Amino acid sequence: MPFELASDYEPRGDQAQAIAKLVRSLEAGNRHQTLLGVTGSGKTFTAANVIRALDRPTLVISHNKTLAAQLYSEFKQFFPNNAVEYFVSYFDYYQPEAYIPSSDTYVEKDSSINEEIERLRLSTTSSLLTRRDVLVVASVSCIYGLASPMDFLEMLLTIRSGQVLSRDVLLAKLVEMLYERNDYEFGRGRFRVRGDTVEIQAGSADEEAVRIEFFGDEVDRLTLFDPLTGHTLGKLTVFTLFPAKQFVTPADKLQAAMKDIRVELEDRVSWFESNGKLLEAQRIRMRTEYDLEMMQEMGFCSGIENYSRHLTGRPPGSRPYTLLDFFPKDYLLVVDESHASLPQIGGMYEGDRARKTTLVDHGFRLPSALDNRPLNFPEFMEMTHQGLYISATPGAFEFRNSVVGNSTFLPNPEGGLKESGPGTFQRISRTDMPIEQFDVTTPGAVLIAEQIIRPTGLLDPEITVRPLQDQIDETMELCRQRAESNERTLVTTLTKRTAEDLAEYLKDVGLRVRYLHSDIDTIERVEILRGLRAGEFDTLIGINLLREGLDLPEVSLVCILDADKEGYLRSQTSLIQTAGRAARHVNGQVYLFADTITHSMRQLMEITEYRRSKQMAYNKLHDITPQSVRRAVQESLHTIIRGGGSPEAGVEGSEANQSLAETLKELEEEMAKAAGMLEYEKAALLRDQIRELRAGAGLVVDAKIQVAAKKRGKKRKSA
């Protein structure tokens with residue numbers, strides 16, 4: 001079915017013109033276009049309208065899992081009747097295989113797979129092969145190797161009511177598709193057999209399974225049922241089953257691949273022996289022979305992805321199959337926060353190759369393992385048909401490519417660039433090259449759609465520069481003033497140690513403050529951000545985590561300490577993104593503490609001045625009064641639990657203990673489910689309730705929580 005956008009809102013502010021410009025550009029066949037949208041201008045809503053207008057399969061790439069989860073949730077709401085899928089790395093924990101020659105240390109691959117995310121990945125590939133109304137939200141894991149889509153299609157099994165099919169043939173096919181037989185513990189990717197009845201839960205299924213009933217060698221009935229309750233959900237006439245794993249290979253190809261692996265093994269052993277590397281020769285023979293034996297007996301082995309070139313029949317040096325191969329040729333690529341996502345895509349290849357080259361040189365892997373790799377950037381771009389790049393601070397790639405033909409003009413947020421020689425450009429003012437004067441269907445058109453006007457009428461925050469000398473004292477006073485007005489403050493420092501020390505100092509003078517940096521785990525990070533919004537504290541101190549993707553409407557002040565220390569954390573992009581955290585509040589302000597005005601600071605001030613003037617003119621023309629963004633904070637469940645039979649409710653004896661045990665069990669199940677559905681905020685709240693109930697009843701806190709608390713205590717003590 002076509003993409004159907006479900007929303008009570010109509011495009012407002014700059015959204016309508018941005019949507020029209022981007023759709024016109026894409027329909028004209030232009031390969032690159034950029035949406036330059038300020039923080040809080042509704043860029044995701046604009047992208048959703050573009051996707052609906054084009055009505056093509058779409059891949060949305062984000063540079064981290066947290067933002068990808070947020071986008072997945074938003075697009076699910078926008079397109080409830082279409083296939084919105086989620087494709088990120090399915091590892092909760094991943095330690096790649098590595099070897100350190102200097103210390104002769106081998107690090108074995110270690111990982112923990114998140115089964116829910118694995119199910120979502122399988123659902124993604126299944127949807128792409130069966131329908132066109134598919135929108136996939138992915139991290140950069142989409143450029144890593146997968147099975148060939150042709151092999152995936154070849155391995156699927158279609159069963160029809162009335163079909164002549166032996167039960168034993170079906171069971172053999174299920175094993176080949178990597179399904180596991182388990183007659184006692186039924187679940188995803190498993191099947192069970194009861195006489196002439198076979199029940200299967202697909203690898204991509206969550207709450208449904210299929211029951212196949214045989215009459216001799218004929219399929220008598222197909223039934224869809226709930227695997228938990230056994231209740232029938234409906235009857236089927238046909239059912240298509242996809243493989244249980246993403247790395248699947250037909251039996252004939254597996255046998256051919258094993259022969260090729262043995263040939264490569266003998267060549268590699270001969271090379272090591274002829275060069276006097278007997279240890280490496282013995283090592284590679286033992287490891288590879290073991291893997292081959294596992295593939296022969298089980299059809300699978302640990303690290304089978306390292307043999308992907310042989311399994312897919314690709315020539316040496318060729319690119320791997322990835323998720324992009326599952327898309328049709330006319331798909332639309334949307335890169336969110338492109339200034340960060342595109343460099344990350346470009347940086348994956350070299351690091352992966354350096355690690356694997358060491359393994360190959362020392363006999364831990366065959367040379368073909370080098371072809372199990374992520375795409376390099378030219379390969380990635382070769383596989384994209386049309387791209388839409390979204391960012392408040394587009395990078396050089398977006399500016400260089402978002403033009404038609406051989407245009408001599410390139411846009412820039414603070415002005416324009418004019419070509420003055422081969423590969424060199426000189427600055428020109430924005431008034432000399434207004435973006436609106438170009439039509440996207442003509443040569444020389446600038447394919448950048450600006451989205452500067454916010455639907456709320458909010459202006460970019462004011463920029464104030466203050467000297468470094470008293471930056472701590474002045475920051476402290478500014479935080480105090482905002483706290484008295486029931487507003488929140490973000491403070492950015494340059495190091496983790498500075499963030500922790502400043503937080504302790506501000507606590508000592510009576511401010512409610514916490515710090516946030518990369519040593520804090522994901523769920524606790526979400527909990528801290530929720531606490532800031534809920535008013536549990538007033539000031540949050542961080543480093544570079546307070547930039548793109550954080551929606552904190554209560555924040556009215558951002559203080560950037562040591563703003564003149566030019567570098568990654570104080571670059572033009574970082575300053576613009578950090579300043580944008582105060583753009584959702586009507587009283588938004590940004591304080592830069594510096595003794596000199598750096599180039600990045602000057603760019604921030606010029607861009608802010610340009611945007612504010614345009615926003616104020618629009619508000620005056622349309623008689624708009626700016627309003628702060630308002631979004632509900634998820635409330636705590638404390639009061640609900642206390643009213644539902646906890647020890648405080650007056651229940652005594654074994655009944656109280658039983659009620660508490662049942663409540664704790666239900667909460668733990670809900671917490672696991674919330675974490676599996678990527679609802680980290682809800683999972684953190686449920687964890688709080690479990691801790692409080694256990695503590696109130698005098699129970700021992702969960703061992704994992706105790707260990708984590710001890711580790712945090714040791715870190716603070718050492719600091």
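Reader: At 29% relative accessibility, does Arg285 count as buried or partly exposed?
Author: In this predicted model, the relative accessibility of Arg285 is 29%. Buried would require a value under 20% and exposed one over 50%, so Arg285 counts as partly exposed.

Reader: Which residue forms a salt bridge with Arg285, and in which helix is that residue placed?
Author: The closest N and O atoms of the salt bridge that Arg285 forms are 3.2 Å apart, and the partner is Glu266. The pair links distant parts of the chain, 19 residues apart, with Arg285 in helix 8 (residues 278-298) and Glu266 in helix 7 (residues 251-274).

Reader: Arg530 forms a salt bridge with Glu536; which of these two residues counts as buried?
Author: The closest N and O atoms of this pair lie 3.0 Å apart. Glu536, at 47% relative accessibility, counts as partly exposed. For Arg530 the relative accessibility is 7%, and because buried means under 20%, the residue that counts as buried is Arg530.

Reader: How are helix 16 and helix 17 oriented to each other?
Author: The axes of helix 16 (residues 572-579) and helix 17 (residues 599-622) come within 8 Å and cross at roughly 45°, and helix 16 passes helix 17 in a right-handed crossing. Angles under 35 degrees would count as roughly parallel and those from 65 to 115 as roughly perpendicular, so the two helices are oblique to each other.

Reader: What accessible area do Ile472, Tyr505 and Val509 have together?
Author: Tyr505, placed in helix 14 (residues 496-508), is partly exposed at 38% relative accessibility. With Ile472 and Val509, Tyr505 forms a nonpolar patch on the surface, and their accessible area together is about 220 Å².

Definitions and conventions
Residues are numbered from 1 along each chain as its sequence is written. This is a predicted model: local features need pLDDT of at least 70, side-chain atom pairs count only at pLDDT 80 or more; totals for chains, interfaces and linings use all residues. Side-chain values use heavy atoms; hydrogens and water are left out. Patches are made of residues with over 30% relative accessible area and no salt bridge: like charges are joined within 9 Å, nonpolar side chains (Val, Leu, Ile, Met, Phe, Trp, Tyr) within 5 Å. Accessible areas come from the Shrake-Rupley method with a 1.4 Å probe; for residues, only the protein chains shown count as cover. A salt bridge is a side-chain nitrogen of Lys or Arg within 4 Å of a carboxyl oxygen of Asp or Glu. Helices (H or I, at least four residues) and strands (E, at least two) are DSSP runs, numbered from the N terminus. Buried means under 20% relative accessible area, exposed over 50%, partly exposed in between (1.4 Å probe, protein chains only). Axes are lines fitted to C-alpha atoms, for helices over the stretch in contact, and angles run from 0 to 180 degrees between N-to-C directions. Angles under 35 degrees count as roughly parallel, over 145 as roughly antiparallel, 65 to 115 as roughly perpendicular and the rest as oblique. A crossing is left-handed if the near helix is turned anticlockwise from the far one by less than a right angle, and right-handed if clockwise.
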